[in-house]
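Please look through the structure shown here before reading on, and keep it in view while the text leads you from one part to the next.

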Amino acid sequence: MSEHSLSPNWRAQPLGRRGFLRVSAASAATVAIVATTGCSTSTPTPVIPPDPHLITLVAGDQGLLSFAYLLAVAQATLYQKVIDSPASDLSVAERAIFTDMRDHEVVHRQVLRYAINPDLTLALLPTDFAFNLASFNLGTRAGVLAAAQQLEDLVVAVYPLLLPLFTNGTQRALFLKTSSVHARHAATVRDLLTPGSFANDDVVENAGQLAGQVRTKTPTEVLVALAPYFAPYVITAPNAPLAV
Amino acid sequence: MKLISLLDRLAAAPAAPTATPRRNLLGQLGRAALAALPAGLAALPAAASPKDTPFDAVAQLLLLERVQLALYTQALAVSGLVPAAQVADFQRIRRHQTQHEAFLTQALQNAGAAVPTAPAFDFSGRHGVATNPVLFPNVLSNYDDFLALAQQLEDLGVRLYKTQAFAITTDSQLARAVLRIHAVEAEHAAHVRGLRRGRGAVVKNWPSEADAPIVRPAAAQALTAAATGGEENPTQNLTLTVPIPFGTLLLIRDGTAIHDPALAEAFDEPVSSATALAALALFS
């Protein structure tokens with residue numbers, strides 16, 4: 001059961017030229033997708049069937065948006081789950097914080113969804129795609145906060161590298177506005193899990209020329225870190241500028 | 001509040017996109033190779049208004065860091081002001097501000113630019129004149145008053161870094177560093193807000209219209225305007241002309257609407273450099 005709130009009509013809808021991601025063609029579902037992306041019907045059948053769960057992020061700003069969208073889907077999925085079935089030792093005040101963070105991530109996710117496909121006609125992800133929460137221990141406060149910290153730290157780490165890759169200045173400015181909200185989330189959940197652990201040395205450089213600056217991760221590093229949670233789907237970003 | 005935020009929005013209106021002669025002056029800002037610049041810089045008119053050239057951007061951020069650093073240095077020097085349990089927090093924040101100041105100073109020096117002299121800072125708002133009215137009472141004697149000022153300066157820091165992040169168009173390494181520091185400022189701000197909430201203030205970790213306002217005299221409103229003025233902005237743009245249609249975007253899967261203040265909370269706004277500088281000038 002998918003945890004994200006995407007259109008259930010994914011299979012019925014054409015993936016237009018502005019398609020968010022490329023799913024390779026093997027399953028019945030993905031065959032339909034590829035057939036509508038402009039590929040010639042005379043394309044020879046590949047000798048080796050491609051992986052039906054391989055999702056390749058496209059090049060350019062659209063790929064950047066897609067990557068950011070996946071992060072927002074992951075966060076919104078986690079926080080929605082925390083609100084739907086909160087750990088019994090998560091306090092009322094903490095649940096309110098998670099509700100706020102859920103709201104923020106839903107806003108971010110929907111803005112990215114709109115940026116990718118302004119007329120909202122495309123389903124961006126397969127219906128059975130989900131950010132898999134099974135390996136998190138969401139039954140305890142500590143597990144909830146650890147999961148939230150892991151995601152927020154990753155997002156904070158990648159945005160300083162992601163933002164300069166945008167060629168569209170308006171989009172870059174908008175996602176700059178969301179990036180500090182993620183940093184606020186990160187500090188908040190870090191402080192809840194371990195008081196005073198905001199901006200600690202594990203996430204901020206403590207020596208050298210970059211001392212006092214957040215430790216960064218490339219989009220590829222983030223996809224590797226999140227790969228277990230996207231399984232069975234495999235997300236790759238081989239195209240510029242994400243791949244750089 | 002509404003008037004102030006309106007003024008702030010007017011002040012934040014984008015300047016005409018005409019290039020100024022200074023725009024590319026520090027085109028190599030941050031690179032050690034350019035030692036030949038100082039003569040040209042020295043000839044700049046002293047009264048040049050800020051146009052967010054790379055030099056202005058770094059100079060403004062340096063001033064911001066110096067204000068923050070001075071506040072934490074002075075506060076940590078007052079025995080008992082910061083509770084023992086939080087001393088380490090503010091030592092960490094102060095260490096980061098020291099590192100940011102050193103980084104920005106180095107960036108100017110590497111570009112061959114003159115490093116502005118640090119003014120003396122007075123957190124009472126009296127500008128060092130004992131007969132002037134006190135605008136920020138008890139900042140260095142009452143922990144809650146200290147925290148309130150720290151929160152506003154950290155929020156302002158997030159906003160000014162945001163504003164300047166892409167004013168530094170000519171040095172991608174420096175622009176990235178500004179983005180990395182921007183994130184650290186946001187973590188500081190969220191932490192200070194959390195500390196205040198722990199002491200009974202009605203405040204979230206992110207600027208929200210649900211926050212209880214920090215009461216300041218009229219002469220100190222420039223700080224409030226710079227820290228959170230316009231933060232309630234409900235309109236965002238992905239293109240210059242068409243606002244994002246949040247009304248059609250924001251139904252959660254089961255039809256539950258998001259909480260009303262959450263939309264504005266989801267975006268931290270930038271601040272115009274004029275507004276930021278007016279606030280920082282309260283302390284020197």
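How far apart do the C-alpha centres of domain 1 of chain B and domain 2 of chain B lie? They lie 29 Å apart. This is a predicted model, in which local features need pLDDT of at least 70 and side-chain atom pairs count only at pLDDT 80 or more, while totals for chains, interfaces and linings use all residues. Residues are numbered from 1 along each chain as its sequence is written, and chains are lettered from A and ligands numbered from 1 in the order in which they are written.

In chain B, domain 1 covers 49-231 + 269-283 and domain 2 covers 235-267, with bounds that come from an automatic or database domain assignment. Seven residues of domain 1 of chain B and four residues of domain 2 of chain B take part in the contact, where two residues are in contact if their C-beta atoms, placed from the backbone, lie within 7 Å.

Between the chains, the contact takes 42 residues from chain A and 50 residues from chain B. On the side of chain A that touches chain B, the largest share, 16 residues, comes from H5(A); helices here are DSSP runs of H or I with at least four residues, numbered from the N terminus.

Within chain B, helix H6 (residues 172-198) has 22 of its 27 residues buried, so it is largely enclosed by the rest of the structure; a residue is buried if 20 or more other C-beta atoms, placed from the backbone, lie within 10 Å of its own. After H6(B) comes Gly200(B), whose phi is positive, near 100 degrees.

Technical notes:
Helices (H or I, at least four residues) and strands (E, at least two) are DSSP runs, numbered from the N terminus. A residue is buried if 20 or more other C-beta atoms lie within 10 Å of its own, exposed if 12 or fewer, and partly exposed in between; C-beta atoms are placed from the backbone.
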